[in-house]
Amino acid sequence: MPEPANYQCPHCDATIEATPTLEAQFVTCPNCGKEVEIPAAEIELNATTELDRNRIRQLAAERRASMRTRSYCLIAAIVCAVAAIELAMMATSEIHKTGVGPLAVTEIVFTILAVAALPLFLRSAK
Ligand SMILES: [Zn+2]
């Protein structure tokens with residue numbers, strides 16, 4: 001933030017202390033009562049604005065990345081949950097069959113997905 005600075009009154013040469021702001025401002029000289037222009041604090045404020053812009057950009061990027069991760073986790077969790085339900089239904093319907101055909105492979109895949117679902121879901125819920 002800009003620091004208070006000393007300005008000289010062009011009417012009476014008195015010293016006026018003022019804090020420069022974004023825009024030029026007029027203060028009343030305490031000595032002669034006339035208006036004195038305090039120029040805008042360009043250099044300091046431009047630096048601050050540039051820093052703020054960078055910070056805002058960085059925060060926005062972080063928020064977008066976080067949202068994306070959460071979306072992916074939620075989608076993955078839903079897919080895993082559906083797969084787990086499918087596995088349960090298949091296991092129930094196939095329980096009386098003795099053959100270990102393609103179902104065994106599917107079961108392994110679905111089990112892995114089901115195990116992966118919980119941490120993904122918890123992460124997306126954060
Ligand atoms: Zn003055």
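Colleague: What should I know before I start?

Modeller: The model is predicted, so local features need pLDDT of at least 70, side-chain atom pairs count only at pLDDT 80 or more, and totals for chains, interfaces and linings use all residues. Residues are numbered from 1 along each chain as its sequence is written.

Colleague: Which elements does the protein have, and in what order do they run from the N terminus?

Modeller: Helices (H or I, at least four residues) and strands (E, at least two) are DSSP runs, numbered from the N terminus. Here there are two helices and four strands, in the order β-β-β-β-α-α.

Colleague: How do β1 and β2 pair?

Modeller: Two strands pair if DSSP finds at least two bridges between them. β1 and β2 are antiparallel, with four bridges; Y7, for instance, has I16 in β2 as its bridge partner. Six residues lie between the strands of this hairpin.

Colleague: Where is D13, and is it buried or exposed?

Modeller: D13 sits in the loop between β1 (5-8) and β2 (15-18). To judge burial, count the other C-beta atoms within 10 Å of a residue's own, with C-beta atoms placed from the backbone: 20 or more is buried, 12 or fewer is exposed, and in between is partly exposed. D13 has 10, so it is exposed. Its phi is near 70°, a positive value in a residue other than glycine.

Colleague: How much of the protein counts as buried?

Modeller: Of its 126 residues, 7% do.

Colleague: Which residues make up the largest nonpolar core?

Modeller: A nonpolar core is a set of buried Ala, Val, Leu, Ile, Met, Phe, Trp, Tyr and Cys residues joined through C-beta atoms within 7 Å. The largest one here has six residues: A77, C80, F110, L113, A117 and L120. Two or more residues come from each of α1 (42-93) and α2 (102-125), and α2 gives the most, with four.

Colleague: Why is A83 called partly exposed?

Modeller: Because A83 has 19 other C-beta atoms within 10 Å.

Colleague: And what share of contacts joins residues 24 or more positions apart?

Modeller: Among contacts with a separation of 6 or more, such pairs account for 37%.

Technical notes: Two residues are in contact if their C-beta atoms, placed from the backbone, lie within 7 Å.
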